[in-house]
Amino acid sequence: MSGPGDRSATPTAAAFGARVRARRTELGWSQETAAHACGVHWTYLGQIERGRRSPRLENILRFANGLQTTPGMLLDGLPVPPPANE
């Protein structure tokens with residue numbers, strides 16, 4: 001069920017979230033375990049995994065570190081969003 005504050009997933013955010021979820025699953029971790037390892041709240045991790053939030057640079061680094069991977073593995077080849085003025 002969508003509320004008024006829900007955001008639609010952008011292709012970039014959805015692809016990033018899918019990579020975060022895939023890595024978490026590869027590690028065999030629950031969202032709570034992964035969120036703790038990344039130093040974020042589990043609800044925020046869930047929003048990231050669903051592509052509902054785009055993380056700041058600092059949080060991308062937290063995700064990579066907590067999920068025992070590199071930022072490049074989470075970011076390389078993601079779809080580039082169109083310019084903001086379009």
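Contact here means heavy atoms within 4.5 Å. By that rule Arg 24 touches Trp 29, Ser 30, Gln 31, Ala 34, Leu 45, Glu 49 and Leu 67, not counting residues up to four places away in sequence. This is a predicted model: local features need pLDDT of at least 70, side-chain atom pairs count only at pLDDT 80 or more, and totals for chains, interfaces and linings use all residues. Residues are numbered from 1 along each chain as its sequence is written, and side-chain values use heavy atoms, with hydrogens and water left out.

**Overall layout**

- The protein chain has five helices and zero strands. Both are DSSP runs numbered from the N terminus: helices are H or I with at least four residues, strands are E with at least two.
- Buried residues make up 30% of the 86 residues in the protein chain. Buried means under 20% relative accessible area, exposed over 50%, and partly exposed in between (1.4 Å probe, protein chains only).
- Of the contacts with a separation of 6 or more, 61% join residues 24 or more positions apart.
- The chain exposes about 5,700 Å², and carbon and sulfur atoms supply 54% of that area. Areas come from the Shrake-Rupley method with a 1.4 Å probe; for residues, only the protein chains shown count as cover.

**Two arginines in H1**

- Arg 24 lies in helix H1 (residues 11-27). Its relative accessible area is 12%, so Arg 24 is buried.
- The Arg 24 side chain makes a polar contact with the side chain of Glu 49, at 2.6 Å. A polar contact is a pair of N or O atoms within 3.5 Å; within protein, one must be able to donate a hydrogen and the other to accept it, and residues adjacent in sequence count only if both atoms are side-chain atoms.
- Arg 24 and Gly 66 are 42 residues apart in sequence, yet 9.6 Å apart in space, C-alpha to C-alpha.
- Arg 23 is also in helix H1. Arg 23 counts as buried because its relative accessibility is 17%.
- The side chain of Arg 23 reaches the backbone oxygen of Leu 67 at 2.8 Å. Leaving aside neighbours within four places in sequence, Arg 23 is in contact with Leu 67, Gln 68 and Thr 69.

**Helix H2**

- Ala 34, Ala 35 and Cys 38 are buried in helix H2 (residues 31-38). They sit on the same side of H2 because they cover an arc of only 100° around the axis. The arc is that of the directions from the helix axis to the C-beta atoms.
- The buried residues of H2 pack against H1, H3 and H4.
- Exposed Glu 32 and His 36 are on the face of H2 turned away from its buried side.

**Core and rings**

- The largest nonpolar core has 15 residues; among those with the most contacts inside it are Phe 16, Leu 45 and Phe 63. Such a core is a set of buried Ala, Val, Leu, Ile, Met, Phe, Trp, Tyr and Cys residues joined through side-chain atoms within 4.5 Å.
- A search of the whole structure finds two aromatic pairs. Tyr 44 and Phe 63 form a stacked one, 6.0 Å centre to centre with 15° between the planes. Rings of Phe, Tyr and Trp (its six-membered ring) pair if their centres lie within 6.5 Å; planes under 30 degrees apart count as stacked, over 60 as edge-to-face and the rest as tilted.
- Tyr 44 and Phe 63 are both buried.
- Ring pairs link Phe 16, Tyr 44 and Phe 63 into a cluster.
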